[in-house]
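Hi everyone, thanks for coming. Today I'd like to walk you through one protein and the ligand that goes with it.

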Amino acid sequence: MNHKHSYWYKDFFTKFYLPYFSGRDTKEKIKREVKFISDTLTLPYGAHVLDLACGTGRHAVKLAKQGFVVTGLDFNNEFLKLARQASKKNGVQLKLVQGDMRSLPFRNKFESVICMYTSFGYFNDNGNLQTLKSISYSLKQSGYLLLDLPNKYWTTHKIAKKKINTIGSASVLEVRSFDKNRNLLKNKIIILERDRNKTRQVSISTFLRLYDLKEIQGELKKVNLRIIKVFGDYNLKNIFHSKTSLRMIILAKKE
Ligand SMILES: C[S@@+](CC[C@H](N)C(=O)[O-])C[C@H]1O[C@@H](n2cnc3c(N)ncnc32)[C@H](O)[C@@H]1O
């Protein structure tokens, strides 16, 4: 693995994510996702939930509103500040922790850990397994992990290889390719910012380890997490089918 691959996520999430990639979701979509999370987990009022890689807290705040005791962890302090502001605005308490998902500072603490919106698969196989280990330690016995991943088959066969979006005064070009040997989805992103008569170009590549159901099942098993159910999107009725589902959302239990 080269240096670029190992550290892409630091630059991507501090410089590119918020301005160019976070505004795609509507309020309705987030509402639907939060309903899906609480319907899937069926946790009692007051249960402890960890929103792992919580970002700006869009799920965490709404879950806290429903009466869960929510901790959000992310490595990006700017996102945590926004999550803090959102919690204040909504009159809810959130515990926000800056940290790395590979070494979580919790033991047997949560009824549930949620990891939403492709926040897993950023490292090499060892780092990804370390993340799952850390999740497993953080969960109470019989606690649940909800792991929201892209469907590998769909992502590698059906998604457009090239995409161009206009975000404000910028054109955002994405070129995707899949390295079968390493199971890595590369997304080369080129951003053209127009500012009056000047044009500025920046680029970055992101790398995501994609897992099919068997592979992730094997990794989860290594850390005593057993798959209970797999959904194909944020609708409880839509069970995962590898050929047609957009997502692979896994509900696993700590044994
Ligand atoms: C795709 S975003 C999703 C954020 C949030 N779950 C949501 O649905 O809005 C991924 C998040 O992972 C965080 N992240 C990236 N690498 C991390 C690491 N090593 N440890 C903790 N968080 C990390 C980023 O800062 C970002 O907030």
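Predicted model: local features only at pLDDT ≥ 70, side-chain atom pairs only at ≥ 80, totals over all residues.

Counting the elements, we get seven helices and eleven strands. The radius of gyration is 18 Å, close to the 18 Å that the globule rule gives for 255 residues, so the protein is as compact as a globular protein of that length. If you picture a box along the principal axes, the C-alpha atoms fill roughly 55 × 45 × 35 Å.

Now the helix pair. Two packed helices are described by the angle between their axes and the distance between the axes. For α2, residues 27-41, and α3, that angle is about 55° and the axes are 10 Å apart. The two helices are therefore oblique to each other, and α2 passes α3 in a right-handed crossing. Which residues make the contact? From α2 we have Ile-30, Glu-33, Val-34, Ile-37 and Ser-38, and from α3 we have Arg-58, His-59, Lys-62 and Leu-63. By type, the residues of this contact are four nonpolar, two polar and three charged.

Last stop, the ligand. How many residues surround the ligand? There are 18, and the closest are Phe-13, Ala-53, Gly-55, Asn-76 and Tyr-117. The elements giving two or more residues to this shell are α1 (3-21) and α3 (58-65).

Technical notes:
Residues numbered from 1 in each chain as written. Near = placed C-beta within 6 Å. Helix = DSSP H or I, 4+ residues; strand = E, 2+ residues; numbered from the N terminus. Axes fitted to C-alpha atoms, helices over the stretch in contact; angles between N-to-C directions. Parallel < 35°, antiparallel > 145°, perpendicular 65-115°, else oblique. Left-handed = near helix turned anticlockwise from the far one by under 90°. Contact = placed C-beta atoms within 7 Å. Nonpolar A, V, L, I, M, F, W, Y, C, P; charged D, E, K, R; others polar. Rg over C-alpha atoms; globule rule 2.2 N^0.38 Å.
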